[in-house]
Amino acid sequence: MSGKETRKSAKETAKKSPQVSKKSNEKPAFTPPTLRHRAFSDVNGQDQILRDLKESMDLAFTEVNKKIDSMLLNQQWILRRISTLEDTQKGLEESYNFLSSAVDDLKAEQTKMESDITVLKKDLNSLRTSQNKLKLDYKEKLRSLTEAQLKAERYSRSFNLRFGGIPEKENEEAIQEVKRVLSDYLQMEPVIENAHRIGKRSTGKPVR
């Protein structure tokens with residue numbers, strides 16, 4: 001290396017060295033305390049906001065979970081209630097079917113009873129007709145028996161009087177002859193139901 005080049009390098013080195021020392025001796029830029037506090041405060045505020053937001057979200061999730069649990073419980077209760085209602089509906093349907101069958105049986109029995117009642121009414125009418133006929137027959141027989149009894153009583157000795165010595169005439173009426181004798185000899189006007197001669201008529205015998 002030549003002397004010129006050495007001096008040139010030394011000069012360049014000398015020129016560069018003060019600049020380096022000058023830069024190394026420079027103080028850092030001054031930041032006002034207010035700005036530093038604000039920056040620190042902004043960081044703390046963001047953290048607090050994040051913490052508050054996280055806490056709010058946790059509370060919201062907790063409430064949502066509680067509501068979901070409550071909805072699940074309500075859903076289970078509703079499902080149990082639906083199952084109970086279905087069982088009740090089945091029971092009601094069975095009861096309805098039983099009652100429908102019972103009503104059908106009652107209707108059939110009622111129809112049979114109505115038919116039996118119709119037959120019984122016919123029989124009753126027939127019995128009434130027979131009863132009326134028997135009543136008429138009974139009345140007729142009773143009247144005949146009464147007349148026969150009266151006739152028998154008329155001919156009994158307790159209700160008859162026997163008269164003797166009354167001359168017998170041709171084609172006489174015994175009742176009129178007895179009335180005449182009672183009126184002429186006893187001055188009586190009795191009511192005579194029947195009168196007749198006793199025995200056969202014959203000549204040459206005492207007057208009957």
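Mentor: Helices (H or I, at least four residues) and strands (E, at least two) are DSSP runs, numbered from the N terminus. This is a predicted model, in which local features need pLDDT of at least 70, side-chain atom pairs count only at pLDDT 80 or more, and totals for chains, interfaces and linings use all residues. Residues are numbered from 1 along each chain as its sequence is written, and side-chain values use heavy atoms, with hydrogens and water left out.

Trainee: Which helix holds both Asp 116 and Lys 112?

Mentor: Their side chains form a salt bridge at 3.3 Å, N to O (a side-chain nitrogen of Lys or Arg within 4 Å of a carboxyl oxygen of Asp or Glu). The two residues are 4 apart, about one turn of the helix, and both lie in α2, residues 33-155.

Trainee: Is Glu 177 buried or exposed?

Mentor: Buried means under 20% relative accessible area, exposed over 50%, and partly exposed in between (1.4 Å probe, protein chains only). Glu 177 pairs with Arg 180 in a salt bridge of 2.4 Å, N to O, and Arg 180 is partly exposed at 35%. Glu 177 has 10% relative accessibility, so Glu 177 counts as buried.

Trainee: Where does Glu 172 lie?

Mentor: Arg 197 forms a salt bridge with Glu 172, with the closest N and O atoms 2.6 Å apart. The pair links distant parts of the chain, 25 residues apart: Arg 197 is in the segment after α3 (174-186), and Glu 172 is in the loop between α2 and α3.

Trainee: What percentage of residues 89-123 is helix?

Mentor: UniProt, in an unreviewed entry, places a "coiled-coil region" at these positions; such annotations may be inferred rather than shown by experiment. The end C-alpha atoms of residues 89-123 lie 50 Å apart, and the span is 0% strand and 100% helix.
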